[in-house]
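Here is a short report on side-chain contacts. Keep the structure in view while reading.

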Amino acid sequence: MIGPLTASKKLELGLRYFIASVLLLTGIGKLLDVPGFIQVIDTYKIIPTFLQPAVAISMVLVELKIAENLFRKINLKINALAATALHICFTLLATLTLFRGIEVPNCGCFGVFWARPLTFITAAEDVFMVGMCLLLLKI
């Protein structure tokens, strides 16, 4: 007989599914228009043009693989750490771009399909995701 889930197991399940869902949606959004996402990457003015296609495809694959592994609970700690590192990178990129004064009309979080300008709210959302990933890592 399987007993009720403990509070920590419920929290872990909720965090896994939340983080995985966000990564799945962002990965699919980027995958549906890779050339458009490459143009978004170009607006950050940090990745050399010749590397942008590789960065775009790699980012999509990483997001989708972490999402799959979190949904399936494969190597949970490693994937929670990978998701944390990914969102720390997103936070740093957003913050540095804002401080450099570069206007980014589409942050690219969801590819070209949910275009929102890069703002400090975007960076705050990334910080929130870092916190969720760290919480999952600590459980």
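Start with Arg72. Its relative accessible area is 55%, and the cut-off for exposed is over 50%, so Arg72 counts as exposed. The model is predicted.

Arg72 forms a salt bridge with Glu68. The closest N and O atoms of this bridge are 3.0 Å apart. Both Arg72 and Glu68 lie in helix α3. They are 4 residues apart, about one turn of the helix.

Glu68 also forms a salt bridge with Lys65, and here the closest N and O atoms are 3.0 Å apart. Lys65 and Glu68 sit in helix α3 too, 3 residues apart. That spacing is about one turn of the helix. Glu68 is partly exposed, at 30% relative accessible area. Lys65 is partly exposed as well, at 43%.

## A salt-bridge network

How many salt bridges does the structure hold? The count is 7.

Four residues are linked in a network of such bridges: Lys9, Glu12, Arg16 and Lys73. Within it, Glu12 forms a salt bridge with Arg16. Their closest N and O atoms are 3.9 Å apart, and the cut-off is within 4 Å. Glu12 and Arg16 are 4 residues apart in helix α1, so about one helical turn separates them.

Are Glu12 and Arg16 buried or exposed? The cut-off for buried is under 20% relative accessible area. Glu12 has 8% relative accessibility, so it counts as buried. Arg16 has a relative accessible area of 6%, so Arg16 is buried too.

## Aromatic pairs

Now the rings. A pair of aromatic rings is described by the distance of the centres and the angle of the planes. The structure has 4 aromatic pairs. One of them joins Tyr17 and Phe71: the ring centres are 5.5 Å apart and the planes stand at 70 degrees. An angle over 60 degrees counts as edge-to-face, so this pair is edge-to-face.

The pair of Tyr17 and Phe71 links distant parts of the chain. Tyr17 is in helix α1, residues 7-31. Phe71 is in helix α3, residues 52-72. Tyr17 is partly exposed, with a relative accessible area of 40%. Phe71 is partly exposed at 29%.

Another pair joins Phe99 and Phe120. Their ring centres lie 5.7 Å apart and their planes are at 55 degrees, so the pair is tilted. Phe99 lies in helix α4, residues 76-99, and Phe120 in helix α5, residues 120-138. The pair therefore ties together parts that are 21 residues apart in sequence. Phe99 has 63% relative accessibility and counts as exposed. Phe120 has 47% and counts as partly exposed.

## A charge over a ring

Where does the charged end of Arg116 sit? It sits over the ring of Trp114, 5.0 Å from the ring centre.

## A nonpolar patch

Which residues form a nonpolar patch on the surface? They are Leu24, Ile28, Leu32 and Phe113. Together they have about 380 Å² of accessible area.

Take Ile28 as one member of the patch. Ile28 lies in helix α1. Its relative accessibility is 35%, so Ile28 counts as partly exposed.

Notes: Residues are numbered from 1 along each chain as its sequence is written. This is a predicted model: local features need pLDDT of at least 70, side-chain atom pairs count only at pLDDT 80 or more; totals for chains, interfaces and linings use all residues. Side-chain values use heavy atoms; hydrogens and water are left out. Rings of Phe, Tyr and Trp (its six-membered ring) pair if their centres lie within 6.5 Å; planes under 30 degrees apart count as stacked, over 60 as edge-to-face and the rest as tilted. Helices (H or I, at least four residues) and strands (E, at least two) are DSSP runs, numbered from the N terminus. Buried means under 20% relative accessible area, exposed over 50%, partly exposed in between (1.4 Å probe, protein chains only). A charge sits over a ring if NZ of Lys or CZ of Arg is within 6 Å of the ring centre and within 35 degrees of the ring normal. Patches are made of residues with over 30% relative accessible area and no salt bridge: like charges are joined within 9 Å, nonpolar side chains (Val, Leu, Ile, Met, Phe, Trp, Tyr) within 5 Å. Accessible areas come from the Shrake-Rupley method with a 1.4 Å probe; for residues, only the protein chains shown count as cover. A salt bridge is a side-chain nitrogen of Lys or Arg within 4 Å of a carboxyl oxygen of Asp or Glu.
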